[in-house]
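Here's a quick tour of a protein fold, one topic at a time. Keep the structure open next to you and try to spot each feature as you read.

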Amino acid sequence: MGGLTEHFSRHELECRCGCGLFNAKGRLLSTLEVIRRAVGKSVHIESGCRCAEKNADVGGKPNSGHLTGEAADIWVEGLSNRDLGVVIKDLHRRKLLPHLRYCYLIRGRTNTRVHVGVDEKPRRGVFGF
């Protein structure tokens, strides 16, 4: 089927600027798969891999996990970011997301996006909500 995993394709995770950058790490892909299976419906990738230019254009941090293929901003139709965040917290609590290192709710006009990161940067905690 040409997918990277059962539910995700390279195209979904490539940089959105059109440069074709794809450097998604396996631990990010496995994290997304676990979330997809838990919600039982499509998990949409708002932003996956980013080149430096795209990252700057969207106001991303200079050390963003998106630059290294270790982060994705995701959403699920019919779920608020809070609802999706609760699912992710539960999966983490049950030790089903061993690679998850950081997760926060993205504020905005829709309040549906959630950031998931698997980078190894030091953090105070896994959840920013």
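Starting at the N terminus, the elements of the protein chain follow the order α-α-β-α-β-α-β-β. That makes four helices and four strands. What you're looking at is a predicted model, so keep that in mind as you go through the points below.

**Overall size**

- The radius of gyration of the protein chain is 14 Å, close to the 14 Å that the globule rule gives for 129 residues, so the chain is as compact as a globular protein of that length.

- The four strands come together in an open sheet, and their order across it is 1-2-4-3, with antiparallel pairing.
- At the edges sit strand 1 (44–47) and strand 3 (102–105), and each of these pairs on one side only.
- Going from one strand to the next, the twist averages 30°.
- Take a look at strand 2 (residues 71–75) and strand 4 (residues 114–117): they pair in the antiparallel sense, over four bridges.
- To find your way into that pairing, look for Ala 71, which stands opposite Gly 117 in strand 4.

**Helices on the sheet**

- Helix 2 (residues 26–39) packs on the sheet, where it touches strand 1, strand 2 and strand 4. The direction of helix 2 makes about 20° with that of strand 2.
- Helix 4 (residues 81–93) packs on the sheet too, and its contacts are with strand 2, strand 3 and strand 4. Compare its direction with that of strand 4 and you get an angle of about 30°.

**The largest pocket**

- The largest pocket has a volume of about 640 Å³.
- Which residues lie nearest the centre of the largest pocket? They are Arg 50, His 66, Asp 73, Tyr 104 and His 115, out of 28 residues that line the pocket.
- Strand 1 and strand 3 each supply at least two residues of that lining.
- Sort the lining of the largest pocket by residue type and you get four nonpolar, 12 polar and 12 charged residues.

Technical notes. Residues are numbered from 1 along each chain as its sequence is written. This is a predicted model: local features need pLDDT of at least 70, side-chain atom pairs count only at pLDDT 80 or more; totals for chains, interfaces and linings use all residues. Side-chain values use heavy atoms; hydrogens and water are left out. Two strands pair if DSSP finds at least two bridges between them. Axes are lines fitted to C-alpha atoms, for helices over the stretch in contact, and angles run from 0 to 180 degrees between N-to-C directions. Contact means heavy atoms within 4.5 Å. On a 1 Å grid over the protein atoms alone, a cavity is a set of points where a 1.4 Å probe fits but cannot get out, and a pocket is an open set with protein on both sides within 12 Å along at least five of seven lines; lining residues have an atom within 4 Å of a point. Grid points are joined across faces, edges and corners, and a volume is the space filled by probe spheres set on the points. Ala, Val, Leu, Ile, Met, Phe, Trp, Tyr, Cys and Pro count as nonpolar, Asp, Glu, Lys and Arg as charged, and the others, Gly among them, as polar. The radius of gyration is taken over C-alpha atoms; the globule rule is 2.2 Å times the number of residues to the power 0.38.
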